[in-house]
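I am opening a notebook on a structure that is new to me. I would like to see the sequence and the model first, and then write down what I look up.

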Amino acid sequence: MRDIVITVFMFIGAFFMFVAALGVLRMPDLFMRLSTTTKAATLGAMSLLLATAFYFDDYSISGRIMAIIAFIVLTAPVAAHMIGRAAYFSNVPLWKGTICDELRDRYDTREHILHDPAEIEEPGQGH
């Protein structure tokens with residue numbers, strides 16, 4: 001039974017790592033690549049680490065693996081957000097098929113302040 005659980009986690013991990021690699025190759029812009037790799041690679045790494053924990057069946061190794069999983073889950077989304085934010089403000093182009101850019105005209109690049117849409121004055125609305 002333990003071997004089946006290990007095998008299932010290894011296949012799940014390998015599948016999601018493959019999906020992450022495929023996402024890097026197939027997605028049209030940096031922001032979609034970040035989204036794909038952050039989600040799929042995190043799940044893939046977690047599954048591979050869980051398979052390793054089941055394989056070794058030792059509390060000290062399992063404890064370290066759980067700490068590694070917690071570290072990955074906490075840091076991967078933050079790192080992807082910071083990379084995406086830096087790319088956006090460095091004017092990395094969005095995909096031409098992007099429908100909505102919610103940050104356009106809301107972020108002051110000199111003061112680094114994100115304005116509320118209600119605060120932005122519409123053209124022709126003098127106060």
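**Helix 2 and its surroundings**

I began at the end of helix 2, which is followed by Asp57, a residue with a positive phi near 50°; helices here are DSSP runs of H or I with at least four residues, strands are runs of E with at least two, and both are numbered from the N terminus. I note that this is a predicted model, in which local features need pLDDT of at least 70 and side-chain atom pairs count only at pLDDT 80 or more, while totals for chains, interfaces and linings use all residues. Residues are numbered from 1 along each chain as its sequence is written, and side-chain values use heavy atoms, with hydrogens and water left out.

I placed Asp57 in the loop between helix 2 and helix 3, and it counts as exposed because its relative accessibility is 59% (buried is under 20% relative accessible area, exposed over 50%, partly exposed in between, with a 1.4 Å probe and protein chains only). Most residues other than glycine have a negative phi.

I then looked up helix 2 itself, which runs over residues 30–56, has 27 residues and reaches 38 Å from its first C-alpha to its last, close to the 39 Å expected at 1.5 Å a residue (the expected span is 1.5 Å times one less than the number of residues). Its buried residues include Leu34, Ala45, Leu49 and Ala53, and the buried residues of helix 2 pack against helix 1 (2–26) and helix 3 (59–89).

Which residues make up the largest nonpolar core? I found 6 residues there, namely Ala45, Leu49, Ala53, Ile65, Ile69 and Ile72, and helix 2 and helix 3 each supply at least two residues of this core; a nonpolar core is a set of buried Ala, Val, Leu, Ile, Met, Phe, Trp, Tyr and Cys residues joined through side-chain atoms within 4.5 Å. Leaving out residues up to four places away in sequence, Ala53 touches Ser62 and Ile65, where contact means heavy atoms within 4.5 Å.

**Two further entries**

Is Met1 buried or exposed? I have Met1 in the segment before helix 1, and Met1 is exposed, with a relative accessible area of 76%.

I found Asp108 in strand 1 (residues 107–108), where it counts as buried because its relative accessible area is 15%. Apart from neighbours within four places in sequence, Asp108 is in contact with Ile113 and His115.
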